[in-house]
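Here is a quick tour for someone meeting this structure for the first time. Have a look at the sequence and the model, then read on.

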Amino acid sequence: MRTSILTVCLVAALTAAAGCSRDAAPAADSAKPAATPEAKVSDTAVAAADRDEHSYAQPDLVRIDDLALELKVDFAAKTLSGSATYTLDWTDPKAVQLVLDTRELKIEQVFGEAADGKWQELKFALADADKTLGSKLTIEAPQRNKRIRVAYATSPNASGLQWLEPSMTEGKKLPFMFSQSQQIHARSWVPLQDTPSVRFTYTAHVTGPKDAMVLMSADNDPKAARDGDYSFKMPQKIPSYLLAIAAGDLVFQPISNRSGVWAEPAMVKKAATEFADTEKMTETTEKLYGPYRWERYDILVLPPSFPYGGMENPRLTFATPTVIVGDKSLVSLVAHELAHSWSGNLVTFSSSKDGWLNEGFTSYVENRIVEALYGKERADMENVIGRNELAAEFKTIDPKLQALALKPGTLKDPDDASSATVYTKGAWFLQFLEQRYGRDVFDPFLRGYFDHFAFQSIPTEKFVEYAKANLLAKHPGKVSEAELDEWIYGPGIPKSAPATVSPRFDAVDAARKAWVDGGKLPDAAATAKWSTQEWVHFVEGMPEKLSVDQLKALDAAYKFTGTPNGEIAQRWYPLAVRSGYHAADAAIAAFLQKIGRRKLIMPTYEELVKTPEGLKLAEDTFAKAKPGYHPITTGSVEAAIAKAKAAPAAPAGQ
Ligand code: BES
Ligand code: ZN
């Protein structure tokens with residue numbers, strides 16, 4: 001199911017605190033890139049499009065090739081401390097400074113390795129913090145050292161880390177910590193060139209308490225001894241936002257030879273059952289787009305405070321436990337994060353303004369996987385849910401944010417991007433190309449694109465250039481350049497967009513109408529077969545408000561209040577709040593305290609803050625929930641409350 005990071009991102013953007021190469025390094029097993037005639041785009045045009053306005057780094061002067069981390073996990077102090085050593089490629093002969101991104105880091109010392117192998121201290125300056133971008137760290141390196149080392153420690157408030165007390169975990173015995181680096185939070189736990197245009201290999205030596213298992217976006221060993229001393233290697237070049245770490249009471253359960261689940265002991269079996277189709281998903285994607293190039297694909301199930309649904313950390317997807325609902329109905333999340341192994345992790349956007357190259361392509365591939373495994377009806381229902389959300393969003397957002405490729409300066413904070421545009425319009429555009437060319441042509445084209453740009457970071461212009469040469473020119477008369485431009489650079493959805501019909505949703509629409517108009521509940525034999533998607537559509541299509549009696553009747557029949565399914569809760573509770581249905585208040589408070597996934601809880605907070613009584617419930621609940629929330633979620637909720645307080649709330653009933 002496609003999701004809305006949008007609303008939460010737009011709200012988060014109000015608090016700047018909340019936050020979103022062309023090395024051509026072949027993978028060990030990389031397939032040979034297809035020979036491609038390239039229509040020339042001027043180098044200056046690509047260089048300008050490639051510029052990342054959300055990083056202080058100067059990768060056209062010097063680039064990090066490899067990162068070696070030496071870190072200690074300190075749960076009591078809530079810090080990571082140690083050092084980061086960079087192997088550098090000084091590309092500009094005049095460059096004598098290394099500029100890095102940092103946020104709230106304590107920089108202790110900086111060293112450079114001299115030609116004789118000795119390490120000497122280097123001068124550095126840490127600039128005042130910018131609210132969105134953090135502090136620029138400038139290191140003076142007159143000798144253009146091949147290796148530079150920064151000794152540092154993180155702040156307990158690092159925006160990219162969450163530290164959980166034992167009471168906030170499933171097992172309640174050991175503390176837990178995890179990172180979330182995308183978009184620009186890696187800089188809060190490692191000083192880096194924090195831009196997706198720079199790719200590097202990494203190693204890490206991490207120490208921590210003996211009873212904590214440490215995992216990274218690297219070569220995790222399912223059989224690793226839990227001894228407080230761990231070493232990692234990521235031999236494939238990745239961008240900084242894919243750097244990830246987690247530590248806690250984590251155990252492993254295999255799904256297949258190359259896949260398995262890491263989770264707290266109480267959760268691992270359930271998770272492995274829910275995600276049992278992972279291997280089939282990988283095989284399906286490989287058939288379409290070529291080999292999975294990252295060796296293992298494991299899933300780490302995080303505590304419910306994880307602020308996102310999933311994060312495609314290479315070799316180790318981070319996932320919310322809220323998709324484990326017992327019937328595999330929400331596993332499109334795994335399809336999505338797995339798909340990023342091609343779209344995003346292999347071929348990466350070079351800056352946030354090209355977010356659709358990651359998320360739009362991934363949402364397209366996700367839908368293909370869902371179709372292959374669970375059938376076209378399910379894939380279509382998921383498409384319709386996404387497109388309804390997109391239509392709603394286009395009514396409110398700035399047309400500038402409705403383009404797939406954004407112009408420089410459009411995004412102040414990279415977390416401000418419209419997710420419905422990036423995800424759903426992006427996927428829709430590829431569905432449009434698929435429809436015009438047919439799968440016989442489009443599937444090999446996409447596979448060729450992934451091979452051609454494998455392990456590179458590119459701007460939209462590179463895709464356009466590739467598509468013009470390999471699709472438009474080779475198969476003339478199907479899609480015009482003007483159509484391509486309209487999709488990529490224009491607002492809204494072009495008229496050429498293929499429509500999706502869903503007979504199963506038509507039946508839900510009819511059932512809802514019969515109930516709203518005549519009070520007749522849908523046929524129990526039909527609803528018994530409804531999936532999460534149908535329930536979501538049923539609730540989502542309700543009138544703006546219902547009467548308390550109507551809500552009571554629905555609850556009596558379907559027990560929406562207190563539902564363990566977060567996707568249904570995300571739609572039901574705002575409707576309950578809008579309709580003044582206070583019987584749900586206690587369940588709302590419990591839901592908001594238990595779950596930290598922004599997409600699921602923000603719609604309810606946003607509805608609550610609209611009235612004085614709702615605002616009170618929101619504030620009281622937030623006060624209790626806050627210690628367990630991730631900094632990103634805290635930022636979003638604080639922004640929603642602050643916004644409501646700035647604009648006086650409407651009295652109840654208006
Ligand atoms: N890469 C994203 C998560 C992300 C995007 C984090 C932008 C920070 C900034 C991830 O792949 C994703 O899209 N997650 C979705 C779930 C998915 C099924 C649509 C989410 O978290 O809702
Ligand atoms: Zn994604």
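Is His340 buried or exposed? In this predicted model, His340 has a relative accessibility of 0% and counts as buried, because the cut-off for buried is under 20%.

**The zinc site**

His340 is one of the residues that hold the zinc ion (ligand 2): the donors are His336 (NE2), His340 (NE2) and Glu359 (OE), at 1.9 to 2.1 Å. Read along the sequence, these donor residues follow the spacing H-x3-H-x18-E. His336 is buried too, with a relative accessible area of 7%.

**Around ligand 1**

Now for the other ligand. There are 17 residues around ligand 1, and Gln182, Gly309, Glu312, Glu337 and Tyr423 come nearest. Sorted by class, that shell has five nonpolar, eight polar and four charged residues. Strand S18 (310-311) and helix H5 (332-339) each give at least two residues to the shell, and H5 has the largest share, with three residues.

Some polar contacts with ligand 1 are worth a look. Glu312 has a side-chain N or O atom 2.6 Å from a nitrogen atom of ligand 1, and for Glu359 the distance from such a side-chain atom to a nitrogen atom of ligand 1 is 2.8 Å. His336 has a polar side-chain atom 3.0 Å from an oxygen atom of ligand 1. On its own, ligand 1 exposes 520 Å², and the protein buries 97% of that.

So what do His336 and Glu359 do in this picture? Both coordinate the zinc ion (ligand 2), while His336 and Glu359 also have side-chain atoms in polar contact with ligand 1.

**Aromatic pairs**

The model has 40 aromatic pairs. Here are two of them:

| Pair | Centre to centre | Angle between planes | Geometry |
|---|---|---|---|
| Trp356 and Phe463 | 5.5 Å | 85° | edge-to-face |
| Phe453 and Tyr466 | 5.6 Å | 65° | edge-to-face |

Trp356 sits in helix H6 (residues 355-374) and Phe463 in helix H10 (residues 460-472), so this pair ties together parts that are 107 residues apart in sequence. Both of these residues, Trp356 and Phe463, are buried.

Phe453 lies in the loop between helix H9 (439-452) and strand S21 (456-458), and Tyr466 is in helix H10, so their pair links parts 13 residues apart in sequence. Phe453 is buried at 4% relative accessible area, and Tyr466 is buried at 6%.

**An enclosed helix**

Last stop: helix H18 (residues 598-608). Ten of the eleven residues of H18 are buried, so the rest of the structure largely encloses this helix. Among the buried ones are Arg598, Lys599, Glu606 and Glu607.

Key: Residues are numbered from 1 along each chain as its sequence is written. Chains are lettered from A and ligands numbered from 1 in the order in which they are written. This is a predicted model: local features need pLDDT of at least 70, side-chain atom pairs count only at pLDDT 80 or more; totals for chains, interfaces and linings use all residues. Side-chain values use heavy atoms; hydrogens and water are left out. Donors are N, O and S atoms within 2.8 Å of the metal (3.2 Å for Na, K and Ca); water is not among the atoms, so sites may look incomplete. Buried means under 20% relative accessible area, exposed over 50%, partly exposed in between (1.4 Å probe, protein chains only). A residue is near a molecule or strand if one of its heavy atoms lies within 4 Å of it. A polar contact is a pair of N or O atoms within 3.5 Å; within protein, one must be able to donate a hydrogen and the other to accept it, and residues adjacent in sequence count only if both atoms are side-chain atoms. Accessible areas come from the Shrake-Rupley method with a 1.4 Å probe; for residues, only the protein chains shown count as cover. Helices (H or I, at least four residues) and strands (E, at least two) are DSSP runs, numbered from the N terminus. Ala, Val, Leu, Ile, Met, Phe, Trp, Tyr, Cys and Pro count as nonpolar, Asp, Glu, Lys and Arg as charged, and the others, Gly among them, as polar. Rings of Phe, Tyr and Trp (its six-membered ring) pair if their centres lie within 6.5 Å; planes under 30 degrees apart count as stacked, over 60 as edge-to-face and the rest as tilted.
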